[in-house]
Amino acid sequence: MHTENSNTELVVIGGSAGSLQVILEMIKNLNENLNFSIVLVLHRKAHSNNILQTLLQQFIATEVVEIDDKCEIEKNKIYIVPADYHLLFEDKKTMSLDSSEKMNYSRPSIDVTFKSAAEVFGKTLVGILLSGANADGVEGLLYIKKNNGKVWIQDPDTAEVNYMPKHAVKEVRYDLLIKPGNLADHINQL
């Protein structure tokens, strides 16, 4: 199923309330030589500091980067979308930040990033939706599927706040239902 997809170029993980613990567990168990980039789109307060980067970096040797406008995409790095910006992919090499209106009450919006990534990366994209309290991410997952990318959703029964993944499971034809404990293993197999 997902293991034959050796041409993965990008993994985008979206999450909101309850997703940080899942990401921390994943980070601790990731291989340190991934042949693709990982982008984290997490709902955060508009003026939050970049402590998330520092927090994640202490658990992995792979470089964790908070994205700047026109940031270049490099393999084997973990990128964090900064608070209060949407993330767009200009092409397979460059990301840009956007401060247009909030989507689903959120900036960054998971939908905005998923859709942009799907347009650029198509079938080489894996979109993962984790725990959260609003519907952000579902439209983006549908768009990823439409562009032949892979869709993984956290099993709602394992989510601290299950609204987002529960909504996604109902609406989207997913490739994999993940549990927090096996997320890193699945990513490592890509």
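Colleague: How many residues in the lining of the largest pocket are nonpolar, polar and charged?

Modeller: The lining divides into three nonpolar, three polar and five charged residues. Ala, Val, Leu, Ile, Met, Phe, Trp, Tyr, Cys and Pro count as nonpolar, Asp, Glu, Lys and Arg as charged, and the others, Gly among them, as polar. This is a predicted model, where local features need pLDDT of at least 70, side-chain atom pairs count only at pLDDT 80 or more, and totals for chains, interfaces and linings use all residues. Residues are numbered from 1 along each chain as its sequence is written, and side-chain values use heavy atoms, with hydrogens and water left out.

Colleague: What volume does the largest pocket have?

Modeller: Rolling a probe the size of a water molecule over the atoms shows where empty space is left. Here the largest pocket has a volume of about 180 Å³. Its lining includes Glu 9, Glu 74, Lys 75, Lys 92 and Lys 93. A pocket is an open set of points on a 1 Å grid over the protein atoms alone, where a 1.4 Å probe fits, with protein on both sides within 12 Å along at least five of seven lines; lining residues have an atom within 4 Å of a point. The volume is the space filled by probe spheres set on the points, which are joined across faces, edges and corners.

Colleague: Which helix gives the most to the lining of the second largest pocket?

Modeller: Helix H2 (residues 51–57) does, with three residues. Helices are DSSP runs of H or I with at least four residues, numbered from the N terminus. The second largest pocket holds about 150 Å³ of space, and its lining has five nonpolar, three polar and one charged residues.

Definitions and conventions
Helix = DSSP H or I, 4+ residues; strand = E, 2+ residues; numbered from the N terminus.
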